[in-house]
Amino acid sequence: MKNFLINYEIRQFENKGLSHYSDAILSECESQIVLLAPSRDIFPYLTYAQKHAATIIGVIKTHPYADFVSGHLPGSINIQDGGQFET
């Protein structure tokens with residue numbers, strides 16, 4: 001079994017206008033990223049993934065976001081389509 005705690009990085013993103021924080025967990029050995037509580041603005045995550053030649057493979061939402069901070073509307077990342085984003 002692989003030790004997934006080796007060679008990983010956690011990067012925090014801040015959206016100051018909304019006082020919203022999200023995280024990207026990067027497995028450096030697998031070149032894969034999971035996003036935690038992402039905002040609707042996906043471009044910082046895409047830039048981070050490109051910088052690390054990694055693929056976004058999952059999104060974890062911790063709760064419903066009644067203020068629409070989260071990416072569940074058009075413009076969000078769709079993991080089922082290979083990490084492509086909806087427009």
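Biologist: Where does alanine 53 sit?
Modeller: Alanine 53 is in the loop between H1 and strand S4, which covers 55-60. Keep in mind that this is a predicted model.

Biologist: Okay! Is alanine 53 buried or exposed?
Modeller: Alanine 53 counts as exposed, because its relative accessibility is 63% and the cut-off for exposed is over 50%.

Biologist: And what is phi of alanine 53 near?
Modeller: Phi is near 50 degrees there, a positive value in a residue other than glycine.

Biologist: Which other alanine has a positive phi?
Modeller: Alanine 37 has one, with phi near 55 degrees. Alanine 37 lies in the loop between strand S3 (32-36) and helix H1 (43-51).

Biologist: Is alanine 37 buried or exposed?
Modeller: Buried: the relative accessible area of alanine 37 is 10%, and buried means under 20%.

Biologist: Let's zoom out. How many helices and strands are there in the protein?
Modeller: The protein has 1 helix and 6 strands. Starting at the N terminus, the elements follow the order β-β-β-α-β-β-β.

Biologist: What share of the residues counts as buried?
Modeller: 31% of the 87 residues do.

Biologist: Which residues make up the largest nonpolar core?
Modeller: That core has 11 residues in all: Phe13, Ala24, Leu26, Ile33, Leu35, Ile42, Tyr45, Tyr48, Ala49, Ala54 and Ile56. Strand S2 (20-27), S3 and H1 are the elements that give two or more residues to this core. H1 provides the largest share, 3 residues.

Biologist: Why would nonpolar side chains be found together like that?
Modeller: In soluble globular proteins, nonpolar side chains tend to be buried together.

Biologist: New topic: how do S1 and S2 run?
Modeller: Strand S1 (residues 8-15) and S2 run antiparallel, joined by 8 bridges. Within this pair, glutamine 12 stands opposite aspartate 23 in S2.

Biologist: How many residues are between the strands in that hairpin?
Modeller: There are 4 residues between the strands of the S1 and S2 hairpin, where serine 19 takes a positive phi near 50 degrees.

Biologist: What about the outside? Which residues make a nonpolar surface patch?
Modeller: Tyr8, Ile10 and Ile25 make one of about 270 Å². Isoleucine 25 lies in strand S2 and counts as partly exposed, because its relative accessibility is 35%. As for the accessible surface of the whole protein, it comes to about 5800 Å², and 55% of that belongs to carbon and sulfur atoms.

Biologist: Last one: where is glutamate 28 found?
Modeller: Glutamate 28 is in the loop between S2 and S3. With 40% relative accessibility, glutamate 28 counts as partly exposed. Not counting residues up to four places away in sequence, glutamate 28 touches Asn7, Tyr8 and Glu9.

Biologist: And what separates glutamate 28 from alanine 53?
Modeller: Their C-alpha atoms are separated by 9.4 Å, while the two residues are 25 residues apart along the chain.

How values were computed:
Residues numbered from 1 in each chain as written. Predicted model: local features only at pLDDT ≥ 70, side-chain atom pairs only at ≥ 80, totals over all residues. Heavy atoms only, no water. Buried < 20%, exposed > 50% of the residue type's maximum accessible area, 1.4 Å probe, protein only. Core = buried A, V, L, I, M, F, W, Y, C linked by side-chain atoms within 4.5 Å. Areas by Shrake-Rupley, 256 points an atom, 1.4 Å probe, with all protein chains shown as cover. Patch = residues over 30% accessible without salt bridge, like charges linked within 9 Å, V, L, I, M, F, W, Y side chains within 5 Å. Salt bridge = Lys/Arg side-chain N within 4 Å of Asp/Glu carboxyl O. Pairing = 2+ DSSP bridges. Contact = heavy atoms within 4.5 Å.
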